[in-house]
Amino acid sequence: MAMALRLARKGLGRTSPNPVVGAVVVKNNRVVGKGYHQRAGGPHAEVYALKEAGDQAKGATLYVTLEPCNHFGRTPPCTLAIQESGIARVVYGMNDPNPQVKGGGGEWLRAQGLEVVKGVLEEECRRLNEVYIKWIATGLPFVILKAAISLDGRIATRTGDSQWISGETSRLLVHRLRNQVDAVLVGIGTVLKDDPRLTVRLPGERKTKDPLRVVIDPRLRLPQKARLLSDPGRVVVATRDPYPSRKGEALKKLGVDLLLLREEKGRLSLRSLLAHLGRRGVTSLLVEGGAETFAGFLEERMVDKILVFIAPCLIGGKKAPGMIGGKGAARIAEALRLKEMRVRTMGEDIFVEAYPEK
């Protein structure tokens with residue numbers, strides 16, 4: 001199963017809105033077939049593994065990270081392929097939360113006389129597919145908040161200079177993250193200050209994809225010469241209704257998709273934004289700034305995971321912005337607590353990965 005998990009990770013960022021899945025066929029304590037789900041609409045992991053195993057699949061054990069599907073979608077059901085291959089035993093990591101599958105695959109295989117074992121390395125399998133689990137259960141994307149800060153918690157100097165707080169190794173990881181998520185989001189303040197491209201730039205890597213780029217821009221201040229508009233790819237600008245018609249039409253001519261949202265608590269409705277993205281098939285959203293955008297998502301408890309790069313520098317100054325804007329907690333008891341925190345070095349930086357308590 002550990003081998004199947006490693007195989008599944010190869011599909012990260014390429015299978016959306018499907019899960020990432022790995023499969024291994026073992027016979028007489030020897031691996032005779034392996035595979036992973038490579039892209040949405042393509043063969044599932046089990047099909048690749050069974051094809052590689054060939055006749056050796058008869059009487060063998062199939063290890064797969066996710067419960068085999070038992071319905072016709074863009075591909076035939078994997079349960080049928082498993083039965084026809086002669087596999088005698090199926091071991092899978094976790095039930096598929098998709099209502100079309102959810103337990104049906106395992107039950108069908110048992111009914112055909114196969115031995116079925118579930119729940120092996122289940123927590124690891126669930127963590128690997130945390131994006132898919134959130135989206136299939138709620139229709140909303142899995143939200144990852146990413147920030148780079150100084151050791152004293154600043155995201156920029158008093159003059160607004162912020163490039164580059166984090167080191168080269170950390171920035172490379174950010175581009176790998178962009179290469180895996182469906183969309184990346186910033187507030188208009190970040191666009192006006194940093195003029196980011198929000199694209200994927202990985203040296204020597206050919207298999208990259210740029211995420212959908214989303215800008216929260218209530219007053220439609222996005223410059224027509226912004227760099228994120230000059231790069232090919234899709235751009236969504238979330239703004240209020242009504243919006244400045246002349247500016248809006250100019251942006252539409254540049255290929256911008258205007259998303260009109262209502263206001264809640266003095267800001268655009270983030271829940272409506274997430275619902276819209278979820279309907280578009282966006283399963284994962286990387287929120288990259290700035291402080292007020294972070295505050296909005298955190299105050300509404302819409303963040304599923306937090307990634308912070310802490311650089312070994314001190315910025316100081318009362319006017320240097322901190323990581324999170326908004327009103328903030330009035331009492332320590334109101335502070336958002338984090339759990340399952342992992343801390344490791346990332347080049348010269350400290351990298352913190354954690355999940356907010358719900």
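Here is a short chat about a few local features of this predicted model.

Colleague: Hi! What are the ground rules for this model?
Modeller: It is predicted, with local features needing pLDDT of at least 70, side-chain atom pairs counting only at pLDDT 80 or more, and totals for chains, interfaces and linings using all residues. Residues are numbered from 1 along each chain as its sequence is written, and side-chain values use heavy atoms, leaving out hydrogens and water.

Colleague: Great. Is Thr15 buried or exposed?
Modeller: Thr15 is buried, as its relative accessible area is 2%. Buried means under 20%, exposed over 50% and partly exposed in between, with a 1.4 Å probe and protein chains only.

Colleague: And where is Thr15 found?
Modeller: In the loop between α1 (2–9) and β1 (22–27). Helices (H or I, at least four residues) and strands (E, at least two) are DSSP runs, numbered from the N terminus.

Colleague: Which residues does Thr15 touch?
Modeller: Leaving aside residues up to four places away in sequence, Thr15 touches Val20, His37, Gln38, Arg39 and Ala40, where contact means heavy atoms within 4.5 Å. Its side chain also reaches the backbone oxygen of Pro19 at 3.2 Å.

Colleague: Switching to helices: which residues of α3 are buried?
Modeller: In α3 (residues 78–85) they are Cys78, Thr79, Ile82 and Ser85. They span an arc of only 130 degrees around the axis, which puts them on the same side of α3; the arc is that of the directions from the helix axis to the C-beta atoms.

Colleague: What covers them?
Modeller: The cover includes α2 (45–53), β3 (61–66), β4 (89–94) and α4 (104–111). After α3 comes Gly86, with a positive phi near 90 degrees.

Colleague: How about α10, which residues are buried there?
Modeller: Gly248, Ala250 and Leu251 are the buried residues of α10 (residues 245–253). Viewed down the axis, they fall within an arc of 160 degrees, so they line one face of the helix. They pack against α9 (227–230) and β10 (256–261).

Colleague: And which exposed residues are on the face turned away?
Modeller: That face of α10 carries Ser245, Arg246 and Lys253. Just after the helix, Gly255 has a positive phi of about 95 degrees.

Colleague: Last one: why does Val343 count as exposed?
Modeller: Because its relative accessibility is 53%. Val343 lies in strand β15 (residues 338–346).

Technical notes: Polar contact = N/O pair within 3.5 Å; in protein donor to acceptor, adjacent residues only side chain to side chain.
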